[in-house]
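Here is my note on the model you sent, as numbered points. Please keep the structure open while you read.

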Amino acid sequence: MSDSKFTTPVAQESLHSELSERSPISSLPEKILAIRNSLRPGQQQMADWQSGPLAISAVPGAGKSTGMAAAAAIAIARQYERSSSRRQLIVVTFTRSAAANIKAKIRKDLKKLSLPQTGFFVYTLHGLALNIASRHSDLSGLQLENVTLITPTQSHRFIRTAVEQWIVNNPDIYLRLLEGHQFDGEETERLRRQSVLRTEVLPELANTVIHEAKSSGISPQLLREWSKQTTDEYAILSIAAGLYEQYQNLMRSRDFIDYDDMILAALRVLENDSARRIEQNQVFAVFEDEAQDSSPLQTQLLEILAGDEGDEGDQGDEGDGGDGGDQGDEGDEGDQGDEGDNSSLLTPNSSLLTPNSSLLTPNSSLNLVRVGDPNQAINSTFTPADPIYFRQFCEECDRIERLATMDQAGRSTRIIIEAANFALKWINNQWLATTNNKQQTPDNGQVPFRLQTIRPVEAGDPQPNANPAPVGRGLELYRPRDIHHTVELLSQRVIKLFGEDPTQNSAAILVRENRQGRWLAEALTPVCKEHKIILYDVGERDRRSHVPQEILALLQFCDRPHSPDYLKAALEALVQRQLIPTQDLNILASLPEEFLYPGPLAAPQSETVQKAARLCRNLLRARLELPLYQLISFLALTLNYDQAELATADKLAERVNHQIAGNSSMGGMLSALSEIVSSERFEPVETEDSEERYTRRGQLTIITMHKAKGLDWDYVFLPFLHENLIPGRFWVPPQSQFLGDFTLSEVARAQIRATLHEESIIPDVSQAWEVAKNLKTSEEYRLLYVAMTRAKVLLWMSAEEKAPFTWSKPENLQQQAPCPVFPALERHFPICVVNSPTDISRN
């Protein structure tokens, strides 16, 4: 990694010289007070921090980043006042865009204080870890120039290879999985189950457990020890440990690392007493944003770094307000590092994994400020993020009177705040009523939400236009006949809202699934074109980023059409692109030759199977008839790519053809493509700006609820609010039901977390499945809460009477029950129920 990635050190003498010239010390306290007085009460508590631990529980729209930036600038100013040391403030955020945003705000506040815009660094969590590990490569084992960083997914070749190696090494256990609950030995069913296990069940289990265990410092060996405490018929944790071990061996042998390896490498550095003192003595405090999304090891890293062992020892250079987060931000291209010996994974027996927060006292030397909202924890069911650790930190800080609450929010109009508060309380009450456990209190860990009410700001609040007046009723609740009626109603409302001066307002449609967004974009495009409204589908960029993987899947099939795995991967790509109907692909892939070229004695194929077979045969014909350099472009046309996707495919073809020049062969092309997909070094062609485009005025944005977190718009539309999606049904895919009425991956996740949470026993399969269902339901309700609180002046919600059972087939409409909270909102806010467009025509 080049030195330009790191910020330039500034000599301490020049800092104090600049400080004395620009800011007389006598005026600094008054300037600090001026910034403090411009903040809300909760923000002021953060600005008043001087040392020790502090937890800030903030509601949506409370101004977390503004408060943190002001508190950071004031903390830096106080550090200048009381000490000549070179210690600096570390600010940690979840994403690179958030890091850039808060860095700019801190610099702005330092300018108000007439101070140099230095003394701090802003990192992502992985950027911070990589920074520490790379400075002590002898301890971390991290050598940037030797290895490649990856983000393993269920379909990643390392995961698939680990699965195949585990099967070879454990034939008896694999046979037990094949048998499931009942098996008559029929050959076709055996082949189908093999396909399900090898391409779905085991890769999903491996992916889930690797992330969960590794992000907690749990080694395969310890996971295997835990499995001895379980009695389930499949020994799920034992299987998981074996898959995890194979994955670690592959990573080591191929010189690859993942993002968890960065955290582990940094923690290995901090296990060394001398290195830990060096790192701690460069830092006077750590501020963390979005703390509810931290994993166990990330939490430990920050708590260790924020500790103070009282030795001024070796001190580093004063930071210059740089963005250290560029090294290792999740999903970035080409970041590299060396994980070293994976056998040295930290375990809970390590002294570093004893949570410092459990030892908090009012005079604790832990100089850590953590800001978050447990009610916006929406990543814990598909990432290792676990909000329990931030909740525990809040509880410990509350015990020593170091918990502050930022409950005033100026983002939304009052009716939207009332709706969000009502939804939160109603969901908690329903949860308690359903579990029939009235002894619980609404703010404990057993309910979806921490009882935390959003309050409007007080008079004289510094935020311009805080709690703005509503547009129309502010909250509008619709019951369209079906999804087509929704498009009609939504179009009418958008046209009216954008009619007078579209450049003055922003709007977004928040969807639960990308497939809903794609369908809406197609349906709304003609209307938006007619009325000159800019329509921006955020999911389109995500689809372009999948171009290399889709092309690789089809080429691998063309190269080896009789491989069940390659055939299934190609069919999955065709289903994803909606070129063939959704169907049980395992049956088709189990007998490739019979599927592609059925003989006269074969059973007649259904129309959907015939369509898939014809398309696959066309791909094989193109492989024979087209020159190699034209294949990628042909496949892009076959996949029905749009203009931006075609441009991305052309870029991909140009790069691959350049790489295999002089050795033009299918094997060379597949090798080049596999490297691109595995190392994640390929960026799609952008025809528009990315994140800054999401909230641009004069634009209607279609975005998922997950991506909308942290953003806001004047008008927010929430269509398709149905019970089958929110909170959804925790179901077992039909193809894997031969294993039982649960999924191996979710059971393993629940068992691992129960052990990490120090529960007395590891839950059995049925208990773990119930825990997993509750976690999923809670998170879906929190996701709805996040979506509702994105709106400023209008929140538009709808629950259609008829909607698709699955959005892969939007044409198949059936009666759908609304999301349970929707009828409750209708009853509580009857004035907001819209029966026809004429009800709001005057608004």
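1. Which residues form one aromatic cluster? The members are Tyr 478, Phe 717 and Trp 796. Rings of Phe, Tyr and Trp (its six-membered ring) pair if their centres lie within 6.5 Å; planes under 30 degrees apart count as stacked, over 60 as edge-to-face and the rest as tilted.

2. Before going further, note that this is a predicted model, in which local features need pLDDT of at least 70 and side-chain atom pairs count only at pLDDT 80 or more, while totals for chains, interfaces and linings use all residues. Residues are numbered from 1 along each chain as its sequence is written, and side-chain values use heavy atoms, with hydrogens and water left out.

3. The search of the whole structure gives 13 aromatic pairs. One of them is Trp 49 with Phe 287, an edge-to-face pair at 5.5 Å centre to centre with 85° between the planes. Trp 49 lies in the loop between helix H3 (41-47) and strand E1 (54-58), and Phe 287 belongs to strand E6 (residues 283-288), so this pair ties together parts that are 238 residues apart in sequence. Helices (H or I, at least four residues) and strands (E, at least two) are DSSP runs, numbered from the N terminus. Trp 49 is buried at 6% relative accessibility, and Phe 287 is buried at 0%. Buried means under 20% relative accessible area, exposed over 50%, and partly exposed in between (1.4 Å probe, protein chains only).

4. Phe 730 and Trp 769 make a tilted aromatic pair, with 4.7 Å centre to centre and 35° between the planes. Phe 730 is in the loop between helix H30 (724-728) and helix H31 (744-756), Trp 769 is in helix H32 (residues 765-788), and the two are 39 residues apart.

5. Leaving out residues up to four places away in sequence, Val 732 touches Gln 737, Gly 740, Asp 741, Phe 742, Thr 743 and Trp 769; contact means heavy atoms within 4.5 Å. Val 732 and Thr 743 are 11 residues apart in sequence, and their C-alpha atoms are 6.3 Å apart in space.

6. Asn 724 lies in helix H30 and counts as buried at 15% relative accessibility. With residues up to four places away in sequence not counted, Asn 724 touches Arg 729, Pro 804, Phe 805 and Gln 816.

7. Now the sheet. What is the order of the strands in the open sheet of six strands? The order is E10-E15-E14-E11-E13-E12, with parallel pairing. Two strands pair if DSSP finds at least two bridges between them. Strand E10 (475-478) and E12 are the edge strands, each pairing on one side only. From one strand to the next the twist averages 20°. Helix H33 (residues 821-828) packs on the sheet, where it touches E10 and strand E15 (791-798), and the direction of H33 makes about 120° with that of E10. For such angles, axes are lines fitted to C-alpha atoms, for helices over the stretch in contact, and angles run from 0 to 180 degrees between N-to-C directions.

8. Strand E13 (residues 699-704) has six of its six residues buried, so it is largely enclosed by the rest of the structure. In a regular strand the side chains alternate between the two faces of the sheet. Both faces of E13 are covered: Gln 699, Thr 701 and Ile 703 are buried on one side, and Leu 700, Ile 702 and Thr 704 on the other.

9. E13 pairs in the parallel sense with strand E11 (residues 507-511) over five bridges, and Leu 510 has Ile 703 of E13 as its bridge partner. E13 also pairs in the parallel sense with strand E12 (residues 534-537), over four bridges. There, Leu 535 is bridged to Leu 700 of E13, and Ile 534 stands opposite Gln 699.

10. Last, the cysteines. How many disulfides does a search of the whole structure find? The count is zero, where a disulfide is a pair of cysteine sulfur atoms within 2.5 Å. Cys 528 is buried at 4% relative accessibility, and Cys 819 is buried at 1%.
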